[in-house]
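Please open the structure in your viewer and keep the selection tool at hand.

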Amino acid sequence: KRTPAILDGVAIAAQIKAEVAAEVQALSARGITPGLAVILVGEEPASQIYVRTKVKTCGELGIFSEMITPPESITTDEMLALVACLNAREDIDGVLIQLPLPKHVDTKRLLEAVAPDKDVDGFHPVNVGRLQSGQPGLAPCTPAGILEILRRSGLPVAGQNAVVVGRSDIVGKPTGVMLLNASATVTVCHSKTVDLGRFTREADLLVAAIGRPGFITAEMVKPGATLIDVGINRITDAAEVEEFFPGDPARAAAFAKRGSVVVGDIHPDAFAVSGAYTPVPGGVGALTIAMLMQNTVAAAKLRRGISLGS
Ligand code: NDP
C-alpha cells in the first residue's frame, strides 16, 4: 500500500506569498502600492487574531494596510458611510469586513456596499456572478486556496469525480463552482443529502467543509482519493483527542498544554486510506491569507487596467 502524500499548505502559502511580494515590487517600480483596508468591529478574540495576521502579512509583502476598529455599538448606517469612504479612496484597493459582525448590523447590506472591484473576499453578488460565469474577478479566498493546492501539487481536476460536502456561500458553493470551471464533474452534498456515503465513496476528489470534527470516516472514502479538509474544529475532550489520535504523544502533549486541539472534518483513519490529503492544521487554512494577499494585488491591477499576468 502506498503512503498518502501530505499536501503541505504552509509550504504552498509561502510560495504564493513570495510570488505576491515580487509582484508588489514590480508594481512599486511603476509607482503603485497596493492597499488593503480591514474593518474589525468589536473585540471578538478570534477575529482580532485573524485581522492582526492579515495586517502583519501585508507588511511582510510590501502591501499598505489600514486597520479600522469601530466600536461594537456602530450602526449599519455608520458602517455604510465608512465603506463608502474606503470605496472612494485612491490608495485603497481592497476593502475587507471581518465577519461575523454584531447582530444589530446588517451584514448582507454591507457586503453589497463594498465596491465589487475592491471586494477582496469575493463575497459581493457581482463577484459571485463573475465566478459563476467564468469571468475574471475576485474569487473567495478559501476556495481559491483549495484550487491552488491542487494545481501546485500537480493533482488532476479535469475529468475527476469531485464531491464537495458543504454548501455555504463562503466555502462549499464557490468551491463547487471553481471545480466545475476547472472541468471536474461536481456533486455538492449537504445536510439534506440522503445516504451521503454513496456520493463520497465515488469521489476521486473529496472536499469536506462541514464544521464537524472527523465527520468523514474511512469507510466513506474511496481508497486512493484526494482528500481536502477545510474544517477547523476545536476539540476539548481528552477522550475525543485519544479517539482521534490514539497513542499520539505530540497531540497528547499539545492537548495537555492548551486544553484543546484543532481537528478537521475528515477523520485521520480516512487520511490513512487516501492518496493525498491536506492536514489540519497546515493545509487549506494556511492558504487563506496568502490568497487574500493575491486578491489585493489582483484588485490593484484590475482597477488600473493592468492584466493579471504582468
Ligand atoms: P457552514 O456552517 O456555513 O456550512 C456547513 C455546511 O455543512 C452546510 O452546507 C451544511 O448543510 C453542511 N452540513 C452540516 N452538517 C452536515 C451533515 N451532517 N451532512 C452533510 N452536510 C452537512 O460552515 P462553513 O462552510 O463556513 O465552514 C465549514 C468548516 O470550514 C468549518 O469548520 C469552518 O471553521 C471551516 N472554515 C475554514 C476556513 C479556512 O480554512 N480558512 C474558512 C472558512 C471556514 P446545510 O446547508 O444543509 O445546512
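Which residues does Ile232 touch, not counting residues up to four places away in sequence? Select Val262, Val280 and Gly285: these are the residues that Ile232 touches, where contact means that the C-beta atoms, placed from the backbone, lie within 7 Å.

Before continuing, note that the model is predicted, with local features needing pLDDT of at least 70, side-chain atom pairs counting only at pLDDT 80 or more, and totals for chains, interfaces and linings using all residues. Residues are numbered from 1 along each chain as its sequence is written.

**The surroundings of Ile232**

Colour strand S8 (226–229) and strand S9 (233–235); Ile232 lies in the loop between them. Strands (E, at least two residues) and helices (H or I, at least four) are DSSP runs, numbered from the N terminus. Ile232 counts as partly exposed because it has 16 C-beta neighbours inside 10 Å. On this scale, 20 or more other C-beta atoms within 10 Å of a residue's own make it buried, 12 or fewer make it exposed, and values in between make it partly exposed, with C-beta atoms placed from the backbone.

**Gly166**

Next, select Gly166, in the loop between strand S5 (161–165) and helix H7 (172–181). Gly166 has 23 C-beta neighbours inside 10 Å and therefore counts as buried. Leaving aside residues up to four places away in sequence, Gly166 touches Val171, Gly172, His190, Ala209 and Ile210.

An unreviewed UniProt entry places the feature "binding site" at Gly166, Arg167, Ser168 and Ile232. Such positions are given in the numbering used here, feature names are shortened, and annotations may be inferred rather than shown by experiment.

**The ligand**

Now select the ligand and the 25 residues that surround it, of which the closest are Gly166, Ser168, His190, Ser191 and Gly211.

**The whole protein**

Finally, zoom out to view the 12 helices and 11 strands of the protein. Along its principal axes, the C-alpha trace spans about 55 × 40 × 35 Å. Of the 310 residues, 43% count as buried. Colour domain 1 (28–115) and domain 2 (141–286) separately; these bounds come from an automatic or database domain assignment. The centres of domain 1 and domain 2, taken over C-alpha atoms, are 29 Å apart.

Note on methods
A residue is near a molecule or strand if its C-beta atom, placed from the backbone, lies within 6 Å of it. Two residues are in contact if their C-beta atoms, placed from the backbone, lie within 7 Å.
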